[in-house]
Amino acid sequence: MIIIAEKINGSIPSMGKAIAAHDEAWIKDVAKKEADVLDQDRDFIDCCTSVEENELETMHWMIDLIQSQCDNKIAVDSPNPQICLDAMKFCKRPGMINSVSGEGNKIDLVFPVLAKPENKDWDVMALLCDDTGIPKSAADRIRVLNNIMAKAKEYGIAESRIHIDPLIEMLCTSEEGIALVLEVMDYIKEHYPQAHISGAVSNISFNLPYRKIINQAFTVVCIQHGMDSGVLDPLNRDLRGSIYAAEALKGDDFYCMEYIGAQREGIFGPVDK
């Protein structure tokens, strides 16, 4: 699974406090810890300021802090697509735009930039919402999906560069559990097999006790339905172990070599070998 490490995000209270205090040491420490368990050429470190004033300046500062600790790809994360585009020049290597959606002119702003030859190695996260809000049915989310993918084809953006977020919402407020999300995932897998199925894993457990166990179970179920990319906490050793185990059980890990190697490297399992 492609990991989009979630911890450098100002919406997390401890990180928000560090950003407000310009605590460089705190942010560098989180970046180093995330980088240590990520695949440098496959995974991403998300960078989200969650500030409105001086957002681009803050984004630049944070990206520099991350890149002082590692060479990992960065997912520039803002609800303002222009901030994401402006932040691309601060990144030492191609990363990810997080995100676009069917809202307003976001796609027509971002896709022409990603279509340029010099940006061919940048990925993009696509959220399945539009000007009507978050669709309440799988059919409506699929409608948004098809519109986004049609635009991607129009601009020459390959499916393999797109990480599709079907919009993971709180389990405790859903009458149907995760059936809607899984239906959308199955559709993506069938109709856009080269695209990545992604999403913010921890959204599922908001307002529930012992959130980690819900996140683990949800991720395993989603992997079975094609999820191969996720915004999650890479420092959660149990979650990482569940991902390696699920991929092995699904048959995506030849002779369980990745599972065995990750455990030996200490990515999950007992700390003391």
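## Exercises on a predicted model

Start with a loop. Glu-176 lies in the loop between S6 and helix H7 (179–191). The model is predicted.

**Exercise 1.** Decide whether Glu-176 is buried or exposed.

*Solution.* Take the relative accessible area of Glu-176, which is 59%. Exposed means over 50%. Glu-176 is therefore exposed.

**Exercise 2.** Find the residues that form a negative surface patch with Glu-176.

*Solution.* The patch is made up of Glu-175, Glu-176, Glu-183, Asp-186 and Glu-190.

**Exercise 3.** Work out the strand order of the open sheet, and which strands stand at its edges.

*Solution.* The sheet has eight strands. Read across, the order is S7-S6-S5-S4-S3-S2-S1-S8, and the pairing is parallel. Strands S7 (196–197) and S8 (229–232) each have a single partner strand, so one side of each lacks a neighbour in the sheet. These two are the edge strands.

**Exercise 4.** Trace how S5 is joined to S6.

*Solution.* S5 covers residues 123–130 and S6 covers residues 162–165. The two run parallel, joined by four bridges. Pick Met-125: its bridge partner in S6 is His-163.

**Exercise 5.** Describe S8: its link to S1, and where its residues point.

*Solution.* Begin with the link. Four bridges join S8 to S1 (residues 2–5), and these strands run parallel. Ile-2 stands opposite Ser-229 of S8. Next, the directions. In a regular strand, side chains alternate between the two faces of the sheet. From S8, Ser-229 and Val-231 point one way. Gly-230 and Leu-232 point the other way. Last, the cover: all four of these S8 residues are buried.

Technical notes. Residues numbered from 1 in each chain as written. Predicted model: local features only at pLDDT ≥ 70, side-chain atom pairs only at ≥ 80, totals over all residues. Heavy atoms only, no water. Pairing = 2+ DSSP bridges. Patch = residues over 30% accessible without salt bridge, like charges linked within 9 Å, V, L, I, M, F, W, Y side chains within 5 Å. Areas by Shrake-Rupley, 256 points an atom, 1.4 Å probe, with all protein chains shown as cover. Salt bridge = Lys/Arg side-chain N within 4 Å of Asp/Glu carboxyl O. Lys, Arg positive; Asp, Glu negative; His and termini not counted. Charge placed at Lys NZ, Arg CZ, Asp CG, Glu CD. Buried < 20%, exposed > 50% of the residue type's maximum accessible area, 1.4 Å probe, protein only.
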